[in-house]
Amino acid sequence: MSTYRLVSWGANSHGQLGQGLLSEQFILPQEVDLSGCSLKPEAIKKIVGGAGHTLVLDVNGRVYSCGLNNKGQVGNADIEQRNVLTFQKICLLEHEVVIDVCCGWDSSAALTKNGELYVWGSNRYGQLGLDPSHFPLLSNPHKISVGGKLKNISMGLRHTAIVTENNELYICGSNNRGQLGLINPETMEPYVLLSTFTKVAEWAMQGNIEGAVCGQYHTVVITKNHTHDAYACGDNKHGQLGFFSKTSSESRVVQPICIPLSGIQHDVPVQIHTGWNHINILSNGVVISWGRNDYGQLGRSSAQPRNGISIKEGLQRIENIPNISQLSVGSEHNVALTDAGAVLCWGWNEHGNCGNGKTENVLRPELLPISSNSVAVLVGAGAGHSFAVIKDIR
């Protein structure tokens, strides 16, 4: 007989762990009490988080949330309730079957089975695809029409990318580092921001777009033709676009450039995950990472800044770890599920987000402490907080 439970750890200053209380942090995994809502641990499909809030999607297409709600990012329609301490179902999405969710810093989005997009939370930078002067925030999920069915959604710090079933990429929000990959044709300069979803020209990327992911100030798009390629734009201060900036003019890329993924088999699925300034690719059980590494977020090397300058590293495989079946990435830390049901954590650990009982950064992947008669079946992460669904075998 097996039972399931949800555990969480890391930053909890806004109740984003769903533990029912406010605290600075939980440095070890603690079980989440779900008795007050209809969410069942065994039914959880995905867990994602922003700066101080969390979204959970279940297999029935229901969405639950908790945490900071000062901009309506929890989606419970009452921004007077600044901190939501336990998971609550987002009732205004009950009429839809949701298949994916994502979080920005203080905004949220959901993708339905019918390929429709719902957004809520902060819209100060147009990241919800609406005019921020009229809609500075949305406390309820709001449907956005783009002109076609969607297959992929992602949010960065203050921008959003969506991919249609016709392999078209649309993007909106802040463009202060070129993360939208678009140039104003009238001024030939990058837009400051775009408050409507705008199509990125087909010529910018060759091949079928499989998905897009947004980091703090960058965007990465995976395409597949005869091989897998990644296209990236935005901030490159930490080498997160796959090359090292030699001049200040190369510290940002305002139109997508190709990052060849020559070491990845073209006939196997590829997942790409990005934190604020580092990128992981999961393919065939292997994790390949690059970008910023001063918190150990790449899972290799000493990761200590040299002369005050953050270490930046190129595409490399994380060695000496088991096959990985699922990966979730916070702002500067990583949570991975192995084929055998173990959980590995590494990177930024200031708030105990790696769950090892300490607050020093974790430079190499470490096993999360769970009981010997238990296995993990799913992991999730927010900016500085983490989750796992644990299956106890009796």
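The legends below describe close-up views of a predicted model. Residues are numbered from 1 along each chain as its sequence is written, and side-chain values use heavy atoms, with hydrogens and water left out. Local features need pLDDT of at least 70 and side-chain atom pairs count only at pLDDT 80 or more, whereas totals for chains, interfaces and linings use all residues.

**View 1. Confidence along the chain.** The average pLDDT (the predictor's confidence in each residue, from 0 to 100) is 91 for the chain, and 93% of the residues score at least 70. Over residues 304-311 the pLDDT stays under 50, and the model has 14 contacts (heavy atoms within 4.5 Å) beyond four places in sequence for this segment.

**View 2. Strand β9 between its partners.** Strands are DSSP runs (E, at least two residues), numbered from the N terminus, and two strands pair if DSSP finds at least two bridges between them. Strand β8 (residues 107-112) runs antiparallel to β9 and is joined to it by five bridges; A109 has V119 of β9 as its bridge partner. Four residues separate β8 and β9 in a hairpin, where G115 in the turn has a positive phi of about 80°. Five bridges also join β9 to the antiparallel strand β10 (residues 137-144), with L117 partnered by I144 of β10.

View 3. S122 lies in strand β9 (residues 117-122). At 4% relative accessibility S122 is buried, that is, under 20% relative accessible area (1.4 Å probe, protein chains only). Six of the six residues of β9 are buried, so this strand is largely enclosed by the rest of the structure. Beyond four places in sequence, S122 touches K71, D106, S107, Q127, L128, P136 and L137.

Terms used:
Buried means under 20% relative accessible area, exposed over 50%, partly exposed in between (1.4 Å probe, protein chains only).
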